[in-house]
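Work through these exercises with the model open beside you. Each task is followed by a stepwise solution.

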There are 2 protein chains.
Amino acid sequence: MIETVNLSLNDVFQLSVDALLASGANRKNAEAVAAVVRNADRDGCTSHGIFRVPGYCAALQAGAVNGCAEPRVIDQAPGIVRIEANNGLAPLAVEIGRPMLIKKAEEQGIAALAIGDSAHFAALWPDTEPLAVAGFVAMSFVNSRAFVAPAGGKKRRVFGTNPMSFAVPRNGRAPMVFDQAASAAARGEIMLAARDGHKALPGWGLDPNGEETDDPSAILKGVQLPFGGYKGGAIALMVEILAALLTGGETSLEAERSYTGHGGPSAAGHLIIAMDPKSFGQHSFLKRIEELFEEMLADPEVRLPGDRRLALRAKTEEKGVEIPRTLFQQVREIIEG
Amino acid sequence: MIETVNLSLNDVFQLSVDALLASGANRKNAEAVAAVVRNADRDGCTSHGIFRVPGYCAALQAGAVNGCAEPRVIDQAPGIVRIEANNGLAPLAVEIGRPMLIKKAEEQGIAALAIGDSAHFAALWPDTEPLAVAGFVAMSFVNSRAFVAPAGGKKRRVFGTNPMSFAVPRNGRAPMVFDQAASAAARGEIMLAARDGHKALPGWGLDPNGEETDDPSAILKGVQLPFGGYKGGAIALMVEILAALLTGGETSLEAERSYTGHGGPSAAGHLIIAMDPKSFGQHSFLKRIEELFEEMLADPEVRLPGDRRLALRAKTEEKGVEIPRTLFQQVREIIEG
């Protein structure tokens with residue numbers, strides 16, 4: 001059994017802010033990151049919650065990311081916002097770019113936000129959910145350091161875990177959002193399994209000799225595999241091209257090569273697309289979404305993607321979250337310096 | 001052994017045109033469809049080649065699709081082209097909409113083409129490949145009649161096989177294009193397995209009782225499954241929303257309910273997105289694509305998506321294709337009336 005402490009979501013936010021400030025971030029950046037961390041723990045996405053704060057702090061302390069970056073918003077084309085993030089953390093860059101992305105998506109019907117030079121821990125639903133709350137269908141693509149072999153490959157890491165997220169507005173309810181790695185498992189999931197002594201599931205990855213293994217530590221040293229065979233491999237490749245090459249970001253291999261071992265977020269490219277159903281002429285879009293979801297849920301074994309997150313959200317907002325005591329102490333030590 | 005006849009690609013095109021004309025299509029529609037059919041057989045994608053022509057003809061003869069449709073191009077928004085396809089066949093609608101999509105993608109950086117009311121057999125690379133030849137990164141999403149259970153479901157068909165395609169330009173070479181169903185197998189693949197007495201692979205689908213089976217005919221009566229578990233199920237849902245709900249097309253269930261059993265192409269929605277790397281400011285995009293592909297291919301076990309198609313293309317252009325004699329005779333009978 002792992003000894004835990006109970007924290008309110010506000011505690012998670014405040015501890016994260018304090019640790020980031022103590023590691024050299026300015027308040028704007030610290031609060032933008034801490035909001036993502038709090039929302040991850042709120043939604044039961046432990047692998048992107050306060051678990052990541054020591055990594056953020058190490059990256060700041062190592063000077064690998066710029067915790068005082070002032071992201072600059074560039075009106076790149078009528079349908080494209082580009083952010084010069086200046087090697088800062090993604091959360092503030094996305095927050096600052098969002099208003100222009102929304103304006104362009106309303107005016108053009110479809111618009112994209114491209115960030116080539118920020119550091120990202122790749123929880124993507126914080127990027128797409130606010131766009132769906134504002135009424136847009138949103139997609140987001142991020143690459144990361146190279147951990148994943150292309151379909152057919154066994155030893156050579158080429159892609160990041162390369163997640164994508166998709167969000168749709170709902171009438172009077174939280175949006176439907178999914179956020180999934182193109183790898184069979186998220187990197188954080190494998191790290192948590194290694195930490196907690198759990199086995200890796202079949203298909204998560206191969207050891208450094210290219211052999212199947214259920215040892216998460218061996219996979220962390222070897223390669224992760226795409227989900228769903230060659231089709232998931234194609235998704236990983238698509239995300240790599242959209243996130244890195246269309247934004248001018250580092251490819252996952254380039255990010256791996258420039259990585260200095262700080263344990264923090266990866267340099268990564270990041271593409272967000274927003275589409276306005278009204279501009280497409282679809283005025284009964286929200287009604288039809290509910291009809292589609294009803295058809296899916298007519299089978300009691302089917303759940304909507306993200307439902308677990310929304311259910312946990314209600315619970316953690318009331319009862320807080322359980323955090324390993326060692327992690328809590330680690331964050332306290334960062335704050336106390 | 002199935003007895004076959006050898007046809008040149010020009011024979012495939014001409015037989016298809018003649019059969020479609022004999023079934024009531026006009027020349028413009030017949031040639032647009034026949035070009036897709038020829039290119040499918042050219043690229044070894046038998047399941048979308050002349051194999052589909054009797055289905056197209058049956059749909060035309062049943063009056064289920066309009067073989068003389070004049071698709072109308074609508075300038076829906078600065079970033080959106082909409083096509084009123086008038087219940088016609090998708091190939092002509094896409095061909096007619098493409099110039100405005102290209103113009104908008106050049107001007108805005110990103111643009112979309114939406115078709116809500118055409119009938120589609122869901123080979124998508126003919127939609128994205130020409131956009132990549134013109135220099136754009138392209139995505140395409142189509143839904144179809146309901147054949148596929150959502151993740152977790154066992155008996156209830158909700159989604160089409162819901163393919164997506166992604167294409168990237170290459171310097172002086174054919175684009176990299178993938179085109180894959182969100183189901184574990186394409187419908188045509190299962191139909192061909194049933195026709196030729198082959199077994200279904202594990203994960204393709206369930207029989208009408210919701211049980212696993214390797215009998216392709218039982219799967220055709222039961223449900224197909226998404227590829228890659230719940231992540232592929234999320235992709236199927238995303239394609240359904242983009243293709244049907246954002247375009248005003250019928251959902252896969254609505255298409256299933258309005259289907260009259262003609263064996264022809266499904267009513268389906270269809271969304272194509274084109275992005276211009278130059279408008280994103282990425283002037284070394286083509287060079288970086290080649291560098292990424294080189295890194296992938298450094299592992300001799302890795303192939304690029306679509307490579308098999310390109311290799312077959314060279315072969316079939318020289319040697320033609322083998323078609324089952326019964327299929328050839330069926331097409332001849334349609335032509336002879």
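**Exercise 1.** In which sense do strand 7 of chain B and strand 8 of chain B pair, and over how many bridges?

*Solution.* This is a predicted model: local features need pLDDT of at least 70, side-chain atom pairs count only at pLDDT 80 or more, and totals for chains, interfaces and linings use all residues. Residues are numbered from 1 along each chain as its sequence is written, chains are lettered from A and ligands numbered from 1 in the order in which they are written, and side-chain values use heavy atoms, with hydrogens and water left out.

Step 1. Strands (E, at least two residues) and helices (H or I, at least four) are DSSP runs, numbered from the N terminus. Two strands pair if DSSP finds at least two bridges between them.

Step 2. Read the pairing. Strand 7 and strand 8 (residues 173–180) of chain B are antiparallel, with six bridges. B:V168 has B:M176 as its bridge partner in strand 8.

Step 3. Inspect the turn. Two residues lie between the strands of this hairpin, and B:G172 has a positive phi near 70 degrees.

**Exercise 2.** Find the other neighbour of strand 7 of chain B, then decide whether strand 7 is enclosed or open.

*Solution.* Step 1. Strand 6 (residues 137–142) of chain B runs antiparallel to strand 7, joined by four bridges. B:S140 is partnered by B:S165 of strand 7.

Step 1. Apply the cut-offs: buried is under 20% relative accessible area, exposed over 50%, partly exposed in between (1.4 Å probe, protein chains only).

Step 2. Check both faces. B:M164, B:F166, B:V168 and B:R170 are buried on one side, and B:S165, B:A167 and B:P169 are buried on the other.

Step 3. Conclude. Seven of the seven residues of strand 7 (164–170) are buried, so the strand is largely enclosed by the rest of the structure.

**Exercise 3.** Which parts of chain B does the pair B:D43 and B:R309 link?

*Solution.* Step 1. Side chains of opposite charge can pair when their charged atoms come close. A salt bridge needs a side-chain nitrogen of Lys or Arg within 4 Å of a carboxyl oxygen of Asp or Glu.

Step 1. B:D43 and B:R309 form a salt bridge at 2.9 Å, N to O. This pair links distant parts of the chain: B:D43 sits in the loop between helix 2 (27–42) and helix 3 (53–61), and B:R309 in helix 11 (residues 307–319), 266 residues apart.

Step 2. B:D43 is buried at 0% relative accessible area, and B:R309 is buried at 11%.
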